[in-house]
Structure formats: structure tokens, C-alpha cells
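Dear colleague,

Please find below the structure I promised to pass on to you. My notes on what was found in it follow directly after.

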Amino acid sequence: MKPARFDYYDPTSVDEVLALLQQYGDEAKLLAGGQSLIPILNMRLAKPAVLIDLNRVAGLAYIRELDSQLQIGALTRHAEVERSPLIATRQPLLAETVRQIGHSQIRNRGTIGGSLAHADPAAELPAVMVALDGTFCLRGPSGVREVPAGEFFLMYFTTCIRPDEILTEVRVPVLPPRTGYAFLELSRRHGDFALAGVACTLTLAADGTMADCRLGLTGVSMTPVRATAAEARLQEGRPEPGLFAEAAGLVRAAVAPESDVHGSAEYRRHLAGVLTERALATALQRASVLLETEQLETEGGREG
Amino acid sequence: MQVTGDFQFEGPRLSVWALLNDPIVLARCTPGCEELTPDGPDRYQATVKIGLAAVKGTYTGVFRIADKQEPASTTQPATMTLQIEMSGSSGFVNVAGRMELADNGPVTRLHYDWDVQVGGPIAMVGQRVLAGVARWIIGDFFGAAGKELAARQQAG
Amino acid sequence: MRSITVNVNGRAYTRTVEPRLLLSDFIRHELGLTGTHVGCEHGVCGACTVLADGLAIRSCLTLAVQMDGASITTVEGLAAKGGELHPLQAAFREAHGLQCGFCTPGFLMTLVPWLAEHPQPTDAEIREALSGNLCRCTGYQNIVRAVKLAADAMADRKGGDGA
Amino acid sequence: MSSTLAQSRRKTFGERVRRIEDPRLLTGQGCFVDDIDRPDMLHGAVVRSPYAHARIRRIDVSRALALPGVALVLTAADLGERNGPLPLLIPHEDLQYGRTQSALAVDEVRHVGEAVAFVVASSRYIAEDAADLIEVAYEPLPVAADLEAAARPDAPRVHADTPHNIGGHYVRHVGDYAAARARADLILTERFRIDRGTASSLETRGIVAIPEGPGLTMYVSTQAPVALRAGLANWFGLPEMHLRLIAPDVGGGFGPKVMMFYPEEVLIPFAAMQLKRPVKWIEDRRENFFATTQEREQIHDVEVAVASDGTLLGLKTNLLHDSGAYTPYGIQVPIISVTTLPGPYRLRNYDVEFRAVYTNKPTVTPYRGAGRPHGVFVMERMMDRIAEALALDPLEVRRRNFIQPDEFPWDTGLIYQDWAPCKYDSGNYPELARRLEALADPAAVQVEQERARTAGRYVGLGRAFYVEGAGPGPYEGVRVRIEPSGKVEVATGVGTQGQGHCTTFAQVVADELGVAVTDVYVTTGDTAAMGWGIGTFASRAAVLVGNAAALAAQAVAEKTRRVAAHLLECSPLDVELADGQARVKAAPDRALPLGTVAARANPLRGTLAFGEPGLEATRFFSPQQSTFPSGAHAAVVEVDPETGFVKILKYCVVHDCGPMINPMIVEGQVHGGVAQGLGGTLWEKLVYDEHGQLLTTTYADYLLPTAMDVPEMLLDHIETPSPLNPLGIKGAGEAGVIPCAAVMAAAIEDALRPFGVRIREMPLSPSRIRELIAGGGVRG
């Protein structure tokens, strides 16, 4: 299991990357963390003529906040997201999710952009991106275009990134107040591809009613699934187990899993519902704690 | 693996039958088909370039149409089998695709029952997505054929 | 072919390599440091784990050319110059945390930076930290025990230094 | 007598001596096959079939040969007579149609991964480039993939020259099952299935062949270096003295590495001799999934005849065993299954019949447990069924059927895999049960089970017992020599794959010679150091080599005393060996270092006064039959009925392998065995599609358990010595793995009893457990 020959470039700027993409187009493959690409190079399933290594490109690894959006450079390693205080406080769903990606050695090298551009149907981050309505910034010869997460994933391992473009940044909104969250996945073993996974946020209104709820699923379709029907139903009701079970039913109806050696399609469909209910319960519990804290603070403020 | 499904063509059975027996149409509708040269009756040499993201491969082999049953009466379904045997460095794909065409007024209902056999490295590593990809390719094929038919109907 | 310079265990090596050469093969076959083992070449077993600039990575999922200018530590770099075992190595021996020894270097290299960050780990934390390394001989029980012994030993040593 | 003598001298025997091999392995100084390097070494890659069954129409190697860096490309014709068919290692009268593969396939391939061509180039990278350029035209043939389907008379035939796919057919009757059935109060029938798995040692197979002088030196990751040397020398027509074979550090064996010959074991030396250059081939992980042998697929139809008090009157099983495409190892695995099946119970009437079936899948040879888990699964599942049918405690049913401690030797009436009687030598099964209950605490589990159920959680307890044949002959040998330096050199022909041989054998020798363990240097697996031996498998190294080491060391000790007595001017009976010295018992200050005695036994002038020179002896140990270690496991699990996930809450092992040389090492063996056994219950499964394609060829799809999956194990030992060998030891290598499937099936079934789930198969994925829950009440 050794890679076939390729020409190797390690440009230091995005402009250089774009020039190389112009030159080689479809023949070139971008190498970020390599934790998904190098295995298929080793297995010779992928034999690109040209490999463009992004690891020396300056200015693509950062985490910052601007206008209630977190901006994450595409070359930011999972481990950096995992350890970022900004992510932990402003978008803890992302922090909880990243911790569940592979193992520490993979997270030390794997990047946010590389993982999302790889678009594995069972990966964790795509579910979060669709749940949060994240944005993908793609740079091409004619400038930057911003693609909403809902339009980014086309098919297994296929995104809307054009052969002459590079993913430079992803953006996610910070978590609104009174918002609980959960990322739950089930895999045969810790760190494996998910049999099914759910990214969930649940925002309570100040009066404890449901303000907003989002559900993104992984492992149950060719692309991550935003469970819009379930979200709509959740928006209408009171946040409680009965409603969550109903939402789970709608999720089961919305996903289109395939059977594989690890589980039948029917099983994955079932799991998507189970995880939805459990994720909603966790998110609600977390949101309720925040609501209570807020109420205590308000009361405290009044008293003080 | 078995991939079964139905597809509805907006046209009579006779036209759909002619369409699916036309090598030019087969070539145009098969995703990634780069070459389809006749090689005997209902038999073609094919080159198909197909891939998913970085996993790309060129496969060469034979397309064959067999077991053709086209009853004159339109009350009985017409049947044919598309046999595909392709191989490349990432493995091989063998397909026996049975298709049944039934007249249904102005439209033709096609029922397909394809036995798709994938072997070699792609099967060994790609088991998670093989069924989905097969379904997608087959769907693509019939979708393209449907468009061909529409174009023909318009032209005709 | 490319000329690269990689610092391995404190020594700079300059070699001309093909871009496709894996870091694992570079370390083993170009440098002759055969303590790093190769178990799967697709990033699951963890046998090839080395430290790159202090972080544990899979050397089978890294190209040697990517490490031009980097500092690598392999299992050969763990014991003291005089041969005294690293506390983690000593603990693996004490607790019978290895049998065939093939996966062992990968476990050690995963654990060295992890223990620095988690000086007093619980069993559950240890098991999660080990979950990216496969062992087919030990059933992990004695590896978990070894990690606890090592954590204690390193805490004692630190305490000793402080006193 | 000798046993008592040995015991009286035991100083390190039974001690948790730290391993001598560890510092080397911990510092990266181990030497595995892939660590062998030579400046002019070439590297091989094998071209393998992507088809499970196909005719080879044409092979075009021209583009590969034209690639710069390529030194050699071989196809079947290039090998001539050396191509095979390769030898059938273990023939058997009931293997009616034995078939073995060739080094490179001739005209036809019969499983995915069968070797078709071999490339040698200046690097593995270029060898793989060249392999990609070899064009093979295949004509697909009908495939027999499914075991049951392949056994039918109309199935596509794996071998065109056999009348059907039944390679072996075995029928045995012990007692009179029909009569037992006639007087039974209860008849129960079941069908059980155990699926395929693979040993998956972390080090794959590897071979280096180095032409040296008139012959070759080979480094092979084999479990049987001496036997492989003899076989290969014969195969190539080389004098044995011209073929040195070394099994260096081997990164896990578990059975498949004892298979011989693998095609590569012929290809690599052939290429090296032809090119007159060193050639290395290291199997990659993907190859390991289909080019290394596999195990575990069996289907049993079983019936038990039982009295109303739970007494087992008889058992009948008819089983299908999947041999894969070839039978180089004969029908050893199913024979071991059916001879292990009786377990610790008084089974007097036993009808057994099996068919070993060819399928278009990789070849099956023993993998740790080697058919034993299947037999135990069948018997223990039936014990649970009997308990359920009679509303008895599962342990009580077992107790009522145990062979009692005073009933040994117990003859099962069968012939074991070693052609000797399957006659249990020793054991204490009621005591195993008592200790197991102490560890597992079933009363507490029951309380927890009831409490959990009210909270919607499902907890269950399972137990399983086994008796395993271990330590078969024919023999092993050990050479012991005291050097003039005072250090002791020990050599044995078996190799080591992590079992700690350099420590345990050193302990045995050190005790006999009164030296420190660290002064004993053990060489394993080098034909130049010891040219006699069989191999490390079947839990036999400690039994065979341990006893041979004791015998050889005793002989050296005896001579040492004789020489020392002469030098110290006393009687040999007055000399004791201790602290590296030979000294007069009554006057310990009259002492000589052992090295001095050794030097004096090897004079430079004069005549030899004490027989052969030096202090050296070679001794062999050859047992009459196998030993029979035993044990019992218990598992407490919690099953999440919504997801089908199983969590192991507690795992207990009681183990009897006789006296333990080094309990630390024995426990390590048990831990590892349990981990492998549990792997085969919840995670590991080789999945083939209906065309014989293997769909699990990465560690992302074939799931080895991790540290988060394998539970903490509670261990207890009893030590009933075997009367069959001087040290009384019984073998420990495979014990851990054997009852895992049975115990987990019982525990999961117990947890899911409210759902009416019946466990009849292994392994079980969460997806499958959900299916069983969904269909539970109906299927019951």
C-alpha cells in the first residue's frame, strides 16, 4: 500500500494554489491534513497526477469572531478547534462535535476545511454545518463566493467546490442565548464512521417556549440532512418528550440511508430517530439550565 | 447487489425500446462513457471513465444487449437485459440489468432489476457507499435516457 | 525528488526523497530507525505514531516531504542517553503492558504528550486516550495499568524535583 | 518423582518475573522481519485476483517488465515444478478430497486475493507500480460463496475435479445416542451459526530471503521456523544445512502464521535465488485480509437428549464447516470443534457428523481457539436451553453434569487432533464453578437486573465452561549450555510471538541451575541455534519446551555436580547449585563459579574426564497425548434495546492451566485471548457478498476492539497439575478466547429475555441485535 507517483507542489499562498489549479485543473488534488486522502492514495484508489499540499500556505489557520459569526480558516486543525476557548464559549456544539472526530492523532493533523471538502457521508462536521446554516467561503480565479451549507454538499464525497476553487474559510453563527445543543452519534467503536449522528440546537424563548430548533443528521444519506419537517413541527409545539418523539418520526421519514456491513438501512433510519430524541432531550436540558440562570440573573438584577 | 426500481418514460413503449437499443443513446446516457464501438450484433466495446471525488478510474469492457423479447402486442411487457462487463485497475464492475417495459397509455413504465457485481479494491474499501453510488448511476442513466426521449419526441 | 532536512530525535538528517515517500518509510528505511512500526498504512492501528513538533501523528498518513524542517521524535528518542528507560517504558515493563511489542512504540508515542497534559488520568480517560491504537495481544488491561503506574512515577519524580 | 524434585528447586517458577525481552522491545531495538535490511535488497509485490472464481485467460507482463527498476516478474509457468500444488500438511482419512493451492495460480483462481503474479523491483513503491501494469484477463466462473449453498450437490464447484464441494466427511459415534434419545424426558434441537473472522496480528506476514554462499538465509514471520526450513529445503532441493531460517521477533501469530507453505514462502526464496540478491516481501494490511488464512465459519444442527433432572443423556450434532478454497491444514479445525464440544460434562452418547465444505473464499486454518469456540458455543448454549426448559438455574444444570475430580483420567471416547485419545488428564470443574460464582456474584447481578428493568435498562448474566486440548506432541527440544563466562545459553526451535519465551524458559533453566534468570539467554526460532522442533501453536510451547528445558537443565545440573564434586573433592550428592556457584552443601564457602566448572569440563590438553566437553545437554520432551486445561467465564452485560448496543459491565475468568511458570505472563495471555474472543462476539466479522467479494479489508470495516471496548477482567486461577509431564503444566495460549462467544450469547440473551430474544449466532452487531429484538417474540 504505497502511493502511486505524483508531482508535488507546496505553495505558500492562496494565489499560488489558484495558479496551480488553473494549470492542472482536474488532474490536481489538494492535500490538507491528509487523514482521508492519504489512505486512499496508499490504497491507490486515488492516483492524482498532481498533489498540491496546502500545509505551507500562510494565513489559512485561524479562529476569530466577527459580527456574531465565527470564522474558521480552512487549514485549522481539529485539535485547535477542540482547544479553542472561543469555540468552547461561543459555539460549544462545534467543540462537542470535534471531540468526536476520529482519535487524537487524527485530530492533530486533520483540518476543518479538509474534512468538510472531503464530504464523507458519515462525517460529523457536515451535520453541524447544515444544522447551523454555516457558510463556506470558496476562492476562485474570479474572487470569493459564499455558499450556504445547504447548497454545499451534492453527493457522497462531492461538493460544489469547482476544480479551480479552494475552500478558504467556514463560518458558523455563535450560539444564541438560551440555546442548548447536542451532538450525538453512534458508531460501532469510538472514533469510527457514524452509523448515524445528530447535531441539534434548541433555543428557548424567555418564557420557556420553543423559539428555534435545528437538526442536522449524518450517516443516513448521501449528504448531510437538515431535518426541516421535524424542525417545523418542533417550532410549533411545547418542548417535551411527546413532541420529540413526533420529531423523531419525521426525521425517520426524511432520511434515506443505505445498508452496509455495519448496519441495515432500516436500522440506521431507526437510529436517526432514537438519536434525535436523545439529542433533543440533552439540548432541552442544557437550554433549560441557561434559561434558569438567565432568570436568576434577571431576578438578582431586579433585587440588586 | 440487487438494485431495483421503476422509471417512467414520457412516450410510448415502441419509442423507448428503440431508444434503449440505440448505441449512441447508450453512450450518451451512461455516465462517464467515453467510447462505445459496435462489436457484433447488440455488442459494444466500451470505455467508461467514472469516479467519485479523488477516486477515479477508467474501465474498459463490453456492453451487450441480450434476451430481447419484444412482443407485438403492447399489452405484454417487452424485456431486455443489458450486460456490462468492465474492468480497470481499481477493480471490475459486472452488471446484468434486466429491464421490463410496459405500455401505460401515453407513458411507458420501466421496471429494472439490476444485479451489480463490484470487485477488487473499490468493492473492498468502498462498501459503505457502493449501493448508493450504483443507485445514483442507474438513476442518472435513466434520467438521461428520459431526456433523450423528450428531445426525440420534440424533434419528431 | 526533493532534498529535505528533518530533525529526528535531536539529530538533523538530510535526504533526497520522492514526494510520495511516506514518513513511516522515511523513518524506517531511509534513516534505519526501525522502532516505528507499520501496521495498516491507512491510519487506524496507530502503530506508526510519532511526534511531529511535539504532537502525536500517524506517520503512515504523512509524506516525508511535508516534514522538511520539522522535529520528529520516535521511540528511539524516549529513553535517556545513558539507556535509562523513560518512566512510561519502565511502567510498561513493570505492568506487563506489552507482549509481541509490535504495537508498543505507537502506544508509547501517543501517551508521552498525552500524559504531559493529563498527569492524573482516570481509567476511562486512559482508555479513551488509547482508543486510537490497536493492540492484539494484551487486551489493554495491563496497558491501562502501565499508564497509571507511569503517571504516578512521573508525579513522584516531579515532586522529587520540586523538593 | 522428577516432578517433586523439580518443585523442590523452584525459586522463580510461579513468580511474576519481569520479562527479559522487554527493554529491547520498548526502546525500538526489536528485530522484526521488516527491520532486516541489506544494501542491495529488492522488494516484492504480489498481483492478486479480484475475482472469487475465474479462469485466467491471459497474463500480459510486458508493460511491467519495461518499467525501470523492475528486476523480475514471475507467473506460474516461470516456477516450473516449484509452483506446486503446495503440500497438504495434515492429511486425514476423512479428508476425501484434499486440495492445496499453488504458489501462483495456474489457469484458475478460487478466491479473492489468490496470488497470480509476482513482481520484484528496487523498491516496494516501484513493485506496486509494476503490479498495476500487469494485465490479467479473467473469465468469471460461477461462485460458491455461501456455506450452506456450497454444500448442496448442485452448487458451482470450487474444484472442477471433485464431484461436489464436500472435501471431508467425518462421522463418529460414542456410546448409543439413539438409545439415549429413546429414554430421554426432553429433546431439544437448535441451529447455531458462527461467522468468519481473522487473527489480524498487528504485524502482517513478512519474508526476507538472502542468498549466502551456496544457500540462503531466510527471515520469516512464522510460528514454525524449523518445520518451515525442512519443508522449504525439500521443496527447493537444498541441503538443510544450506538453508538457515530465522523467525526473529514476530509481531503476533495467533495461528495463521503456522500455516505452511504460503505462496510467498516459495516466491521470495525462488526470486532471491534466481536474482542472486536479497529479496523482501512484506504483506500489506489489505493483503492480510485475504492472503492470510482465516477461520470460524460453522453451522451446527444439534439435538440433546435430557433426563427430567437435567442430566445430559446424549448429544447429536451435524455441522457444516467452511474450509475456504483449499485444505492445506486438512480438517484439523472441525475435528477440534467436535472433540472440544463435550466440555466438562459426562457425555456418554455422542453422535457427530461434519462436512468440510469448499467455498470460493480464503483458506481456513486454525486461528487462536482453532475450532474450540464453536464446540463450546454449541454445548454451552444447549446447557442454557436445558436450564430454561426445566426451569433450573443454568449453573445447577452444569453442576449436575460435571465430570468429578475423582473421575480423571476421563476418556471422551474420541480421538483428538493429535491422533491420541481425547482423554482428560486432570481438572476440578466444580471448583471452577465455585470460584466463578465468587467472582461474578450472581445474586448481586440478579438484584441489579431487576432494579435495572424497572428503570428500562436490560442487564444479563452469562456463564460458560470449557475444556480444551492443549500441548500436543510430537516433541520439542532444548539445548542448555553453561558458558565459561557463567552465563547460560538456551536454544529452542520454536519461535516466539509475544508469549515471553525468553523469560519463562529462562525461569525453568535458572531454577535447575541455581543462576539468576537474567544470566540465562534464550534463543528462539533460529535453525542455526536449534535444528529440531515443531512450532508455537496449540498452546504447546510452555508444555513441550518448558519440560524439555527442565530436562536439559537437569542433565546439565547433574553433570555440573559431577564435575564440581571432582574439583571440590566431595560426592556429587553433596554439591548444590545456587547463586551461580557449585558449592558443598555442608560447607558453602567451598564453592566454584559455574563458569569455572564449565571451563574445567572443557580442557585444552589431556583427555576428557567427564564424557562430552563442557556443561551442555540437549533433551527432548515428547508427551503421549495432549493435556486438558479448563476454565469458566462469566459476563454481565447491559443491552440498550433501542440501539442494540451492548456494554460489558463485568467480565470474570477462572482458569486452570496447571502450575504457572509466570502468572503475570499467563494472565497476559488470558487478557489477550478474551479481547480476541470478545472481538469475535460484538465487532469482528469478515463480510463476503454473494459473489465472494470480501467487503471488509480495512480496519475501518473489520473492527478490532479498542481499549474502550475490552472490559476490565477479573481473574482467578486454580492449578491442578497434569500427570502427563514433569512440570505438570497444561498450556495457556488459547484459553481466553474459547468460551467468549458462548458467554456473551448467554448474557445478551439473559438481558433481552423480556423481549424473547434467542441468540443462535455470533458475532452480533447492534443492527442485528435490533433485528432480533424486533422479531424476538415471533422467532422465539
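In these notes, two residues are in contact when heavy atoms of theirs lie within 4.5 Å. Please bear in mind that this is a predicted model.

I begin with Asn108(A). This residue belongs to helix H6 of chain A, which covers residues 104–109. Once neighbours within four places in sequence are set aside, Asn108(A) is in contact with Arg77(A), Ala79(A) and Arg83(A) in chain A, and with Leu55(C), Ala56(C) and Ile57(C) in chain C. A polar atom of the Asn108(A) side chain lies 2.9 Å from the backbone oxygen of Ala56(C). Is Asn108(A) buried or exposed? Its relative accessibility is 11%, so Asn108(A) counts as buried, the limit for that class being under 20%.

The interface between chain C and chain A

The contact between these two chains draws on 31 residues of chain C and 30 residues of chain A. The area buried between them is about 2,500 Å², with carbon and sulfur atoms giving 49% of that figure. On the chain C side, the residues that lose the most area to chain A are Arg20(C), Leu61(C) and Gln66(C), which together account for 26% of what that side buries.

Between chain C and chain A, 15 residue pairs are in polar contact, both residues being at pLDDT 80 or more. The count of salt bridges between the two chains is five. A salt bridge joins the side chains of Lys2(A) and Asp25(C), at 2.8 Å from N to O. Strand S4 (55–58) and helix H3 (104–117) of chain C each supply at least two residues of the side that touches chain A. Which element gives the most to this side of chain C? S4(C) does, with four residues. By type, the residues of chain C that touch chain A comprise 13 nonpolar, nine polar and nine charged.

The interface between chain C and chain D

Here 47 residues of chain C are in contact with 55 residues of chain D. About 4,200 Å² is buried between the two chains, and carbon and sulfur atoms give 56% of it. Arg93(C), Arg136(C) and Gln141(C) supply 22% of the area that chain C buries against chain D, more than any other three residues.

Six salt bridges are counted between chain C and chain D. The side chains of Arg28(C) and Asp35(D) meet in a salt bridge, with 2.8 Å from N to O. The side of chain C that touches chain D takes at least two residues from each of helix H1 (23–30), helix H2 (87–94), H3, helix H4 (123–130) and helix H5 (141–162). That side divides into 20 nonpolar, 16 polar and 11 charged residues.

The nonpolar cores

The largest nonpolar core has 239 residues. Those with the most contacts inside this core are Trp114(B), Phe26(C), Phe92(C), Val637(D), Tyr651(D), Met744(D) and Ile748(D). Helix H20 of chain D (residues 740–751) gives the most to this core, with nine residues. A second, separate core of 53 residues includes Val488(D), Ala557(D), Ala564(D) and Val575(D).

As for Phe26(C), which residues does it touch, not counting those up to four places away in sequence? They are Ile4(C), Val6(C), Arg15(C), Val17(C), Leu21(C), Leu31(C) and Ala64(C).

With kind regards

Definitions and conventions: Residues are numbered from 1 along each chain as its sequence is written. Chains are lettered from A and ligands numbered from 1 in the order in which they are written. This is a predicted model: local features need pLDDT of at least 70, side-chain atom pairs count only at pLDDT 80 or more; totals for chains, interfaces and linings use all residues. Side-chain values use heavy atoms; hydrogens and water are left out. Buried area is the accessible area (1.4 Å probe) that two parts lose on being put together, summed over both. A salt bridge is a side-chain nitrogen of Lys or Arg within 4 Å of a carboxyl oxygen of Asp or Glu. A polar contact is a pair of N or O atoms within 3.5 Å; within protein, one must be able to donate a hydrogen and the other to accept it, and residues adjacent in sequence count only if both atoms are side-chain atoms. Ala, Val, Leu, Ile, Met, Phe, Trp, Tyr, Cys and Pro count as nonpolar, Asp, Glu, Lys and Arg as charged, and the others, Gly among them, as polar. Buried means under 20% relative accessible area, exposed over 50%, partly exposed in between (1.4 Å probe, protein chains only). A nonpolar core is a set of buried Ala, Val, Leu, Ile, Met, Phe, Trp, Tyr and Cys residues joined through side-chain atoms within 4.5 Å.
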